[in-house]
Amino acid sequence: MQSPIKIPFNKPFIVGKELYYVAQSVLSGHIAGDGLFTRKCQEFMEKKFNANKILLTTSCTSALEMSAILCNVGVKDEVILPSFTFVSTANAFYMRGVKVIFVDIKQETLNIDEAMIEDVITEHTKAIVPVHYAGISCEMDKIVDLACRYNLYVIEDAAQGINAKYKGKFLGTIGDIGTYSFHETKNIICGEGGAIVINNEALIERAEIIREKGTNRSKFFRGEVDKYTWVDIGSSYLPSDLLAAFLYAQLENMEVIEEQRKDIFNYYYEALTPLAKKGVLRLPAIPSECKSNSHMFYIILDDEQTRDALMNYLKSNGILAVFHYLPLHLSPMGRSMGYKEGQLPVTEYISERLLRLPFYYNLSREELTKVSTCIELFFKGKKDNFPP
Ligand SMILES: *Cc1c(COP(=O)(O)O)cnc(C)c1O
């Protein structure tokens, strides 16, 4: 029998006034969307990230769905994105009838390979959707340059990239649109939640409408029209103010959270460097133009067998390490579009070998020591021919 998990992969946390603000939201008499705390969160982020317009959404998935609507994509259009990503990056566009064009990733950062994008641009291409994996930026200068030359939208999936930077700019504020996630597994959390960053001025008014079920209710609340009505397509993409209240306390503590995550990242990095030097695993790399937000810690093993054996060894020691993503181009949906094994070799290579270690705000020194010691023991046993 396997021992019950003692060090989970993720754990939700509270850092400040989360519950106090939730109570305040109730007492304010307004817990639907766009209340006091929604405004506070939006203004906080706009100021902090130097962003034009930020709107809270119910998830990063809904922010991506809004982005697809804002780009006016439909049948016959094509959108370029990595296969090594969460399903929503593709689904938000696929839902609108778009042909999804998957591009391979780079070994160093696991981000979309910018050198392979131009080759797949056609007269039908409408947008590029770079995903900033692990809070490390894609090569945005090259991507934005391509988008300008071919007149394409850039939508940054910055679900994992809040407060991280590329050449001094915050992720999510570089393309036409950016999207954040506040899912419980991300850096800043409210259970389920997200935000859309609208950098392209021309898209702001329509974004407000789409988010409010296709009505001009936002204008009505600002007193710009005397009644509100159905003016466009849309859905209910705005979260309850209760979630915004919880989120605001997390945003206020964003730097505290990030410092703690940086300590965790550095601990893993230092503890595992001897193994990396021996060549039994690979550690994440951060290019000099990127400022990371320490979103995750992953290691890359020699082969799938070793990865799975290590994962099981950790599990038998009460530690939950996980892997992702099963490449989207090899999912049942991807295969139905005609994608096959061998088409995106780096994506396929990485997805068989990557392992994510436990990573959450309250992860203690003792727990960190246990995880890294277990990994050392695993390789010691392997080398001395004593299977763990
Ligand atoms: C988490 C994540 C999403 C989805 O975020 P939700 O808020 O759960 O919808 C999308 N893209 C990437 C890259 C993610 O990591």
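Is Asp34 buried, exposed or partly exposed? Asp34 is partly exposed, because its relative accessible area is 23% and buried would mean under 20%. The model behind this value is predicted. Asp34 lies in the loop between α1 (18–27) and α2 (36–49). Its phi is near 55°, a positive value in a residue other than glycine.

Most residues other than glycine have a negative phi, and most peptide bonds are trans. Lys167 also has a positive phi, near 45°. Look for Lys167 in the loop between β6 (165–166) and β7 (169–170). Lys167 counts as partly exposed, at 49% relative accessibility. The peptide bond from His324 to Tyr325 is cis, and its omega is near -20°. Tyr325 sits in the loop between α10 and α11 (332–336).

Now turn to the aromatic rings. A pair of aromatic rings is described by the distance of the centres and the angle of the planes. The whole structure holds 21 aromatic pairs. One of them joins Phe220 and Tyr228, with ring centres 5.5 Å apart. The planes of Phe220 and Tyr228 meet at 55°, so this pair is tilted. Phe220 is partly exposed, at 29% relative accessibility. Tyr228 is partly exposed too, with a relative accessible area of 36%.

Phe265 and Phe297 form another pair. Their ring centres lie 5.0 Å apart. Their planes stand at 65°, so the pair is edge-to-face. Where do Phe265 and Phe297 lie? Phe265 is in helix α9 (residues 254–278), while Phe297 is in the loop between β11 (290–291) and β12 (298–301). The pair therefore ties together parts that are 32 residues apart in sequence. Phe265 is buried, with a relative accessible area of 9%. Phe297 is buried as well, at 0% relative accessibility.

Rings also gather in a cluster. Ring pairs link Tyr20, Tyr21, Phe37, Phe44 and Tyr248.

Charges come next. Side chains of opposite charge can pair when their charged atoms come close. A search of the whole structure finds 20 salt bridges. Among them is the bridge between Lys291 and Glu258, at 2.7 Å from N to O. Lys291 is in strand β11 and Glu258 in helix α9, so this bridge links distant parts of the chain, 33 residues apart. Lys291 is partly exposed, with a relative accessible area of 31%. Glu258, at 10% relative accessibility, counts as buried.

Lys227 and Asp226 also meet in a salt bridge, at 3.7 Å from N to O. Both of these residues are exposed.

Glu304 and Arg307 form a salt bridge, and their closest N and O atoms are 4.0 Å apart. The two residues are separated by about one helical turn, because they are three residues apart in helix α10. Glu304 is partly exposed, with a relative accessible area of 36%. Arg307 is buried, with a relative accessible area of 1%. Elsewhere, salt bridges that share partners join Lys53, Glu208, Arg222 and Glu224 into one network.

Arg307 brings charges and rings together. Its charged end sits over the ring of Phe323, 3.9 Å from the ring centre.

Technical notes: Residues numbered from 1 in each chain as written. Predicted model: local features only at pLDDT ≥ 70, side-chain atom pairs only at ≥ 80, totals over all residues. Heavy atoms only, no water. Phe/Tyr/Trp six-rings, centres within 6.5 Å; stacked < 30°, edge-to-face > 60°. Buried < 20%, exposed > 50% of the residue type's maximum accessible area, 1.4 Å probe, protein only. Helix = DSSP H or I, 4+ residues; strand = E, 2+ residues; numbered from the N terminus. Lys NZ or Arg CZ within 6 Å of the ring centre and 35° of its normal. Salt bridge = Lys/Arg side-chain N within 4 Å of Asp/Glu carboxyl O.
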